[in-house]
Amino acid sequence: MFKKTSLASAILLAMFHQTAFAQSSDDNTEVKADNDKSAVEVIEVRGIKGSLNKALNIKRQSFQLVDAIVAEDIGKFPDNNVIESLQRVTGVQTTGRGSGEVSTVSIRGLTDVNTTVNGRQVFTGAGRSVALADIPASLLSSVEVFKTRSASQVENGIAGSIDIKTQRPFNFEGSKVVLAAKGTYQELRDKIDPNVSLLLSDRWEVGGGEFGALLNLSYAETNYRDMNITPGAFVPYMTNDPADGFDPYERIYTSDDRAYEEELWTAGLDAGLSTQSGATMDVNGIETEYMLSRDAIFMNDYIGTRKRPAANLSLQWAPSAELELVAEVFYNGYRNTSFNSLNFTNIYEWNGLGDGTLSDDDAAIQLYEGTNVVKSRNAYSTYHFTSGDTTKGKTDSWLYALGANWYVTDDLTLDSELVYQKSDYTTQFFAMRFLRTAYGVSADFNHNDGIAAVSFMDDPDTELDESDLTDINNWNASYLYDNGGGNSGDELTYTLDGKWALDSDVIGTVNFGFRADKRGAQEQTYSQSADGSGTVSDFMTQLDDGGDGLVHITKNFFDGRAAVPDSWAVANGFYIFDHADEFRSIYGLTDPANKRYTTYDIEETGLAAYASANYRLGQQINGEFGVRAVSYKQDMRFWTPVDENAEVIETTQDSATNKTTKVLPSLVVRWNIADDLLMRFAYTQTLRMPDFASLNPTEVLGDDVSNVGYASASAGNYQLKPTESTNYDLSLEWYFAEASSIYTTLFQRDIEGFVTTSKTIVYRDKDGDGEDEKYVMSSPQNASDGKLKGVELGLVYFPSNLPEVLDGLGVQASLTALDSSQKYPVVADDGETTGYATYDIYGVSDLSYSVVVAYDKTDFEARLSYVWRDNFMSYSESALFANPLAVYSRPEQSLDFQLSYDVTKELTVTFDATNLTDDVYKTYYGKGNENLMNLNAGIISRTFALGVRYRM
């Protein structure tokens with residue numbers, strides 16, 4: 001019978017009466033070194049110093065190179081989400097700042113990170129990894145970042161592996177109730193976000209064993225606002241002394257009927273066209289000077305509300321000292337509704353005034369000194385539109401696990417687990433444009449350190465106030481876009497792991513195991529659009545409610561920090577989404593169900609077996625060696641629409657099979673030089689399996705939105721193979737005092753089969769009218785090798801013998817220096833590789849560091865955290881323009897502050913502030929072109945939060 005009752009147990013008993021499952025102790029428990037396997041000492045971590053000390057112990061005791069973050073208290077992880085905490089881990093870099101959070105994590109510059117929850121591989125939708133930001137920090141007990149991999153661990157992820165550990169009932173001595181609530185003020189959105197969590201846990205003696213139950217619930221909501229200004233891509237123009245038959249300042253297309261050259265210039269060059277003053281191109285046999293200028297300038301005001309419900313149920317049962325059972329359910333959800341107000345104007349027109357020519361005074365062109373690059377100019381009769389874009393996304397991910405840990409004998413332990421998970425993601429996009437022809441635009445593409453400026457002119461021959469972008473009389477109804485779809489994944493996994501202790505002076509433990517899983521991944525999509533006509537005012541009369549609510553006025557754009565319009569009229573994305581069927585009817589579009597089709601359905605079967613051994617050579621040297629053999633088979637089906645413009649989509653089906661088998665050895669050597677000094681060497685091999693979506697060969701044909709004479713297209717490649725990485729690590733770690741350590745690691749990654757994008761010229765009849773159109777087709781290929789090497793430095797130090805007022809002061813710091821290179825194939829228009837060029841690896845900053853000053857004093861804790869990373873290559877531009885393909889991000893930094901105070905033993909109040917530097921995040925084309933070829937400039941919100949946490 002149950003021997004005690006508490007608030008937690010009363011609630012849990014009502015929910016789980018006579019349920020009998022359990023699991024062995026987690027990282028917050030320590031099994032005593034005696035024969036009583038059921039005797040457990042529970043260690044409760046409290047405070048910043050205790051958290052860092054526990055993390056250092058995890059690092060020190062592991063065979064692998066691992067860094068950890070441990071919750072400072074139950075329900076109190078250091079930040080709002082996992083990624084924000086990880087940015088202070090040595091070797092970890094973060095990016096993707098926006099929408100109220102940091103969304104992307106990389107380990108040593110590589111983003112291919114394997115993610116697990118309690119050691120179980122997890123994913124979102126049809127992806128290979130989980131969206132880490134979707135996992136609330138309040139559900140976590142610790143996070144471990146593995147930079148090397150044991151043979152017993154899943155091989156995926158050439159960057160490393162992140163294991164997220166949730167709370168379990170055997171983590172606590174008895175009953176535990178924790179309730180936390182926080183309100184976060186988003187400065188730019190001017191809203192307060194709720195964040196609440198509840199943990200209920202208890203354990204009871206049942207017969208001769210013990211039973212525990214834990215329920216952890218969380219709900220977080222974020223109201224965000226991001227804004228950015230972007231001058232468009234570069235295209236060439238004539239100067240005021242044009243080639244015969246061309247006008248002054250006319251845009252030069254890649255081909256032109258007035259020139260006998262088949263191609264006047266080549267778009268999509270890695271380095272772009274020359275920016276030197278006086279640079280020329282051959283036009284009708286004459287070397288003709290050209291200028292480089294932008295094709296557009298646009299602004300985005302992006303607001304939204306994101307909701308994340310999550311739950312974790314953990315049941316543990318130890319019926320005897322030899323057997324432990326566990327049953328767990330883990331759920332995380334995602335709901336996002338966003339509205340982007342886009343203000344876009346093309347500036348590639350060379351239309352003049354009066355007689356149709358563009359004079360020097362009217363053009364007002366200013367070049368960067370010593371270059372042919374336009375810094376500022378005027379353009380007339382420009383195509384100008386605003387677009388109200390609304391996106392709704394939803395994810396539901398469930399994981400169910402049933403496992404057992406059996407002490408077969410004193411020397412043999414078996415762990416077995418059956419896991420099923422399913423994740424579904426759906427999305428829908430709905431947008432309407434307002435359109436006009438603007439009389440004139442004055443643009444300075446770099447008005448203030450990478451931030452563009454733009455203003456609109458009034459037509460002196462009309463009474464309209466054309467510079468007033470909020471006047472609905474200036475706008476016509478234009479295109480409606482309606483698309484959506486989703487993807488889903490499911491997986492059934494069985495694992496069996498064993499440990500056999502040997503009576504040997506050299507081999508201590510032999511580890512062995514087997515893993516079998518069957519993974520499914522599917523994707524669906526639909527897309528349709530139509531053009532509108534008439535004024536916005538006339539269009540409103542066609543709506544049942546007279547269009548009340550159709551027009552939204554964007555206000556206070558860019559927070560007054562740029563010389564651009566701060567307000568404009570745009571279609572209210574929320575309104576058009578709520579009236580979607582009515583808009584489809586007006587535009588003559590069909591029910592999305594008629595357009596939706598499945599693009600791919602992939603079933604992947606994976607098998608893995610491993611064996612490893614822990615060894616000891618004398619008193620000072622030990623380690624682990626092992627081998628893991630893996631085999632994957634993908635059975636794939638793909639569907640291609642016969643006619644995308646048909647009222648009802650019909651498809652054709654293709655199929656393919658792909659197989660991979662690899663053997664991955666590993667070796668770790670630990671040299672205990674002294675009691676507090678440790679050296680490690682690790683040799684490991686890891687894989688990156690291709691994304692499921694990358695395997696889909698279905699062609700997606702775009703539109704020539706920039707009027708360059710051709711459009712972009714994309715397709716996958718079902719023959720993709722895994723990317724392979726051979727890894728070398730050498731570390732030195734000095735644990736010189738309690739909660740204090742200094743450590744360094746040298747590492748190298750030799751990577752083969754990087755997936756890169758190959759671009760070829762193709763011709764397709766997209767509209768079904770019998771006429772082929774030109775496209776630049778992008779497809780993934782295993783066509784690149786790379787090398788990443790670097791050094792990490794880390795320090796955790798809490799000095800002793802400080803004056804009383806400073807006692808508890810400490811510092812945590814890390815620095816990572818990286819050197820990366822990747823060989824990219826240079827591909828001709830026909831798809832043939834003509835050579836190779838060497839560039840940085842995407843996402844890798846040469847230098848990054850973080851500094852945390854912490855103060856931990858009995859009832860009071862404070863932390864000031866600063867994170868900085870150097871420039872890095874973010875992505876590649878479409879191969880349609882004259883600028884360099886590589887897009888780089890300028891250095892990024894963040895300053896955050898956290899404070900907590902224990903009012904009583906049970907009650908704690910907290911204050912948090914993020915993004916205190918309030919920077920403008922900026923990108924640019926081509927390495928070293930920060931100002932000459934600036935691109936995007938964006939701002940995100942600062943946040944300030946007050947919270948309370950109650951535990952009993």
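**Exercise 1.** Find the ring that the charged end of arginine 203 sits over, and give the distance.

*Solution.* Start with the rule: a charge sits over a ring if NZ of Lys or CZ of Arg is within 6 Å of the ring centre and within 35 degrees of the ring normal. Next, look around arginine 203: its charged end sits over the ring of phenylalanine 170, 4.7 Å from the centre. Now try arginine 436, whose charged end lies over the ring of tryptophan 475, at 5.3 Å from the ring centre.

Some ground rules before you go on: this is a predicted model, where local features need pLDDT of at least 70 and side-chain atom pairs count only at pLDDT 80 or more, while totals for chains, interfaces and linings use all residues. Residues are numbered from 1 along each chain as its sequence is written, and side-chain values use heavy atoms, with hydrogens and water left out.

**Exercise 2.** Work out how the rings of tyrosine 224 and tyrosine 302 are arranged, and where they lie.

*Solution.* Step one is the idea: you describe a pair of aromatic rings by the distance of the centres and the angle of the planes. Rings of Phe, Tyr and Trp (its six-membered ring) pair if their centres lie within 6.5 Å; planes under 30 degrees apart are stacked, over 60 edge-to-face, and the rest tilted. By this rule the count is 27 aromatic pairs. Step two: tyrosine 224 and tyrosine 302 are 5.5 Å apart, centre to centre, with 40 degrees between the planes, and that makes a tilted pair. Step three: this pair links distant parts of the chain, with tyrosine 224 in strand β12 (residues 209-231) and tyrosine 302 in strand β16 (residues 296-318), 78 residues apart. (Strands are DSSP runs of E, at least two residues, and helices are runs of H or I, at least four; both are numbered from the N terminus.)

Step four is burial. Buried means under 20% relative accessible area, exposed over 50%, and partly exposed in between, using a 1.4 Å probe and protein chains only. Tyrosine 224 has 1%, so it is buried. Tyrosine 302 has 25%, so it counts as partly exposed.

For contrast, tyrosine 479 and tyrosine 481 form a stacked pair, 5.7 Å centre to centre with 25 degrees between the planes. Tyrosine 479 is partly exposed because its relative accessible area is 30%, and tyrosine 481 is partly exposed too, at 22%. There is also one aromatic cluster made of Phe298, Phe344, Tyr383 and Phe385.

**Exercise 3.** How many salt bridges does the whole structure hold, and which residue is the partner of arginine 120?

*Solution.* First, the cut-off: a salt bridge is a side-chain nitrogen of Lys or Arg within 4 Å of a carboxyl oxygen of Asp or Glu. A search of the whole structure turns up 41 of them. Second, arginine 120 pairs with glutamate 328, with the closest N and O atoms 2.8 Å apart. Third, see what this pair connects: arginine 120 is in strand β7 (residues 120-121) and glutamate 328 in strand β17 (residues 323-346), distant parts of the chain that are 208 residues apart. Both partners, arginine 120 and glutamate 328, are buried.

Arginine 258 is at 36% relative accessibility, so it is partly exposed, whereas glutamate 250 is buried because its value is 2%.

**Exercise 4.** Arginine 108 or asparagine 801: which one counts as buried and which as exposed?

*Solution.* Begin with the background: most residues other than glycine have a negative phi. Arginine 108 is not a glycine, yet its phi is positive, about 55 degrees. Asparagine 801 also isn't a glycine and has a positive phi, about 60 degrees. Finally, compare accessibility: arginine 108 is at 2%, so it counts as buried, while asparagine 801 is at 78%, so it counts as exposed.
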